[in-house]
Amino acid sequence: MLQEIKHRLWQRMIVHIEPVLLSALALLMCISLLVIYSASGGNWDRVFGQGVNILVALVALWVAANLPLHYLMRIAVPIYIGGMLMLIGVAFFGEINNGARRWLNLGIVTIQPSEIMKIAVPLMMAWYFEKHEATLKLRNYLVATVLLLMPVLLILRQPDLGTAILIAASGFFVLFLAGLSWRIIIALGVAALASAPVLWSMLHNYQRQRILMLFDPEQDALGKGYHTIQATIAVGSGGILGKGYLNGTQSHLDFLPERTTDFIFAVYSEEFGLLGNLILLGLYLFVIARGFMITANASTYFTRLMAGSITLTFFTYAFVNMGMVSGILPVVGVPLPLVSYGGTSMVTLLLGFGMLMSIETHKKLVQT
Amino acid sequence: MFGVGLVLVMFSLLLIRFVYLQIIKHSHYETLAENNRISIVPIVPSRGVIVDRNGEILARNYSGYTLEITPSKVPDIEALISELSLLVDITAKDRKRFKKLLAESRNFESLPIRNRLSDEEVARFAAQRYRFKGVDIKARLFREYPHRELTSHFIGYIGRINEQDMSLLEANEDATNYLGSDYIGKIGIEQSYEKILHGTTGIQRVEVDSAGREVRTISSTAPVSGNGLTLTLDVKLQAVTEQAFGNYRGAMVAIDPSNGEILAFVSKPGYDPNLFIDGIDEQSWDELSNSPDVPLNNRALRGQYPPGSTIKPFMALAGLTLGKRNASYTIKDPGYFSLPNTSHRYRDWKLDGHGSVDLFKSVVVSCDTYYYGLANELGIDNIYNFMSQFGFGKKTGIDLEGEVSGLLPSSEWKQRRHKQIWYPGDTISVGIGQGYNLVTPLQLAAATATLANNGIAHRPHLVKKIQPVPNALSNTLPNTLPEAQPAPENTPISPPASSPKINLDTEHIALVKRAMVAVTKPGGTAAGAGWGVPYVMAGKTGTAQVINIKQGEKYDEKKIDERHRDHAWFIAFAPVEQPKIALVVLVENGGHGSSTAAPIARKVLDYFMLGKIPKPLPIIKEAENATGD
């Protein structure tokens, strides 16, 4: 009897967990712990810290996976409005750290509202499109775009280019998946190019430097271009098979910046080489493919938009990070998803994957 | 399905980038990573120590701390120095010296603002060092010349490597051996024996982190310390000479006639070579370079003076050897000489003449008239050919750089130099060492040594042997020791090639030497200096005119400004039977050789021959005329 109860409880516990996706995520998180150990120079504190981050994020995943879909629909608007209020709060009362105003002190905890918006923005847009699914007009897309741009511009002002790009991407994916026509996307692209000078003027000096550096990192080899050059050297010197675990000279001799966070891919790539990169790309592709399958199978318009946006945002993380470390994209503060050290991004990402699982498993429940 | 396409295209882009970096450009980036990782650190060898023939240290190294600034890392040097001066004592002299160094410096090197920091200053700076980017305390070996002025004109000094030195090193492909070296020999033995003294720079390959901190040593080649030098010179003899000169300016060179070893090499005044090592400050430089005594001028090596009457023994030998004179040939000296059919009188220093004069007496009393006639009979080109055998008009080949060759005139020279033919009248004054004749004290000393050695010349030299430093002394890593240096103990400097013996008749030499001994005896021009000498010394006085005296005018020392007085010469060797020392004393504006130069020579010889510490010499009446030469 007890056995039976235990078994059923366990069943209840894992019924909304998608095992295939979770296995791929788990593999990525194992890689994270492995590489952080090397990148931190054998610092167990750092490894344990990431372990805790992973555990917390897994709890978030479990919670999100168990949230029923209608509940997600219901919280979309409050979360978005709350997030926007906090972003405005940051703009006025935010704490300044490293020259950027990103944090809001709520008395008990200090939080980074822009992280909440990574989930809240696609959620809100998907909710909006769901509401107007039957009568979608150009006007609806414009409203959705405004819903997207408001937080993006606020975050850009903080300044936090990396997060702004990720949120803009996630919102764009919702617009795209909602059936925005090609002509309009192209028109938007042209508009974006036309507004580039305006955006450029909004960028902070260090952000401009980073973009300029992309085109010619050597011009300031010891200054702004240093990170890119050293990361490229690390990746290139890794070769096909890599220098071996714990043997990366670029990372262990301190030439690489932010080794456990934004530039962890350089450490990984130096030690595991092209072969390691293929494995990592393969894992990411697997996760993305699984996300696309869930998107394709999604039962409602809202969930399809959410699932597609979460999957493509995850892809954006991976592409932008690996692109910047290997020197084909400017250095923006985007971590390598599930591998870089950091609790916030880990929680946000796994929240997203929890929603994906919820979309997949609750659909089954609905069907059966 | 656009999403799938986007993902695949973008990931393919990444893959292409990875293949490009990790396969196509792999070796390029591997090299870059290696260069990042490995830093080549030169280990500067310690410079060879220089000692005199008795082992007295003349140039040595000591370790100390300097405060150094790397200008390329400092935006505002003036402000930085002001800040630093609150911690360590930085004088106006230091600042000026630094400015001079800065102007001459190579890129990216660090320059000393202060040397010889006290322990307290080192501690004070160390506590505040985080405030000073581009400033470092460095432990270094310093060069020191303990005898200062006494050795300045032959030891020379080292100084910081400047652009000019660098391009010279590069031309000689020595630049890699000077990685990390800050100093190079600039003058004197420090310069001419640079290769031996410097040693071989060691190389350490270290793994460094991005801040340039050493993580571990990968391999290292130990430096090989520079070889030491043992000089031929006796610094005590040098000191005795300096003391004997008193306040006079001048030069003295003493040579062992049997082998060319230089026993003393004095140029007065000297200077403190220690001032030059890290760049001399402006004030000291002005003092040295503007002094009327020109202390930076190496008189022994580069001073050119008419030899005056010191040429007479050589002229006498020329007359004997070339058959124009013999021992018994006698002239009547009326006090002057005139060429046939001319009225111009070449005057003897003694107005009424020396009476009947043979060769012996001509040397002893320094009769001018005798040599006017002899020179006229020999002719300038015979004089030139004979004298050049003694090294006049040529560099001696001493192991110092910057030697000048003096001037031994010939008709060919006058044609070349002045586009004029040689007149017979030009020859007359050459006979008594005036006219176009110019010699350096070193040259005259070498010629005197050759005469003392019966015509066998040895190249004068300052270094007796090279003293290899045992490798154990240099800090080495045992398993990476280089091949044992083939360093034979006490390598003697390659024995200087001696010129072929000058073809001289033994009788002739003996006669001239006898006359030179008589110079120092009562009746001779140096009787005062030779009084009571317990060994047998030979000598000859001389006077080099500084200003011309018109026909019919008498030279009156007292009427003439001190700086225009004649230079006094004395050449000597002793003991006559088996000469151990030959020397030249030149006293600038010393008047007559007999009164200033000869007494100095006597003190030097007394010390050398008897180990006597000099004391005032007794003054007795000189031969015939106290002002006689």
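Helices (H or I, at least four residues) and strands (E, at least two) are DSSP runs, numbered from the N terminus. This is a predicted model, in which local features need pLDDT of at least 70 and side-chain atom pairs count only at pLDDT 80 or more, while totals for chains, interfaces and linings use all residues. Residues are numbered from 1 along each chain as its sequence is written, and chains are lettered from A and ligands numbered from 1 in the order in which they are written.

**Chain A**

Chain A contains 15 helices and 3 strands. Of its 368 residues, 51% count as buried; a residue is buried if 20 or more other C-beta atoms lie within 10 Å of its own, exposed if 12 or fewer, and partly exposed in between, with C-beta atoms placed from the backbone.

Helix 4 of chain A has a kink of about 35° at Ile75(A), shortly before the proline Pro78(A). The bend at a residue is the angle between axes fitted to the seven residues ending there and the seven starting there. The buried residues of helix 4 include Leu69(A), Leu72(A), Ala76(A) and Tyr80(A). An α-helix has 3.6 residues a turn, so residues three or four places apart point the same way.

Helix 14 of chain A is mostly covered, as 24 of its 25 residues are buried. After helix 14 comes Gly327(A), with a positive phi near 85°.

**Chain B**

In chain B, an open sheet of 3 strands has the order 1-9-10 and antiparallel pairing; two strands pair if DSSP finds at least two bridges between them. Strand 1 (38-43) and strand 10 (214-221) are the edge strands, each pairing on one side only. Strand 9 (residues 202-208) is joined to strand 10 by 6 bridges, and Val208(B) has Glu214(B) as its bridge partner in strand 10.

Most residues other than glycine have a negative phi, and most peptide bonds are trans. A cis peptide bond, with omega about -5°, joins Lys268(B) and Pro269(B). Pro269(B) is placed in the loop between strand 14 (261-268) and helix 11 (282-290) of chain B. The bond from Ala574(B) to Pro575(B) is also cis, with omega near -20°.

Lys419(B), a residue other than glycine, has a positive phi near 55°. Lys419(B) counts as exposed because it has 7 C-beta neighbours inside 10 Å.
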